[in-house]
Amino acid sequence: MNINYIKAFNDNYIWTIEKDGKTLVVDPGDASPVIDYLKNKNLDYILLTHKHMDHVGGVEELKDRYGAKVFGPLETNEYNDITLKDGDEFEIFGENFKVILTGGHTEEHISYLMGDKLFCGDALFLAGCGRVFTNDYKKAYDGLNKLKNLAEDTVVYPAHEYSLANLEFAESVISNEDLDREYERVKKLREEDKITLPSTIEKEKKINPFFLARDLDEFIQYRNKKDNF
């Protein structure tokens, strides 16, 4: 199995999973770079985490072109072949996928856990989390705590290259050597225009202020500070 990424827009990553000649993509907000990436390959499956257009904008074209089967939450129902809810499980490529409700960014945002690999859309970023557009901070906090409680060796595949800005904010509210080292690593990679992802749950538990928040009130304080940073 191979996991790769396709760049889209300014900072989106469309993750790909490929096995035995079949291909899956996560959150294809733009069809063109996916088509360029596939070349002569087919697209068999599409997973959606939430409804924002930078995550679903390419679905219709890709579905029409390749006949890909689409999995997603209730809020992407117009695209879905299979609509998923928290706790659902399904199998692709002989791999088990578990659905985790990680709402707050949108009402029905979901994340996908495939073994020790987490595809979390805009719920969790390296050293950050998604804006809480629903204003349901408890739902966002509860969703992040579900992810925080996954095995520490879980590999995290977020949908955006927000790492440097997130670390700059993190250093304004927390302080530790792990954070300093990660900032230097990410800064060097971005200077070379290289991807900083994936992350791990273990790493996030050391550097992510939204994982380190002691309670819901502190989570809200950090989120409001980040929104105005």
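Let's start with aromatic pairs: this predicted model has 15 of them, counting Phe, Tyr and Trp rings (for Trp, the six-membered one) with centres within 6.5 Å; planes under 30 degrees apart are stacked, over 60 edge-to-face, and the rest tilted. Take Trp15 and Tyr157: their ring centres sit 4.9 Å apart with planes at 75°, so this pair is edge-to-face. Trp15 belongs to strand S2 and Tyr157 to strand S13, 142 residues apart; strands here are DSSP E runs of at least two residues, helices H or I runs of at least four, numbered from the N terminus. Trp15 is buried at 4% relative accessible area, and so is Tyr157 at 8%; buried means under 20%, exposed over 50%, partly exposed in between, with a 1.4 Å probe and protein chains only.

Next, Phe71 and Phe90 are stacked, 4.6 Å centre to centre with 20° between the planes.

Now for the charges, friends. There are 23 salt bridges, meaning a Lys or Arg side-chain nitrogen within 4 Å of an Asp or Glu carboxyl oxygen. One of them joins Lys146 to Asp86, closest N and O atoms 3.7 Å apart. Lys146 is in helix H4 and Asp86 in the loop between strands S6 and S7, so the bridge ties together parts 60 residues apart in sequence.

A word on the bookkeeping: residues are numbered from 1 along each chain as its sequence is written, and side-chain values use heavy atoms, without hydrogens or water. Local features need pLDDT of at least 70, side-chain atom pairs count only at pLDDT 80 or more, and totals for chains, interfaces and linings use all residues.
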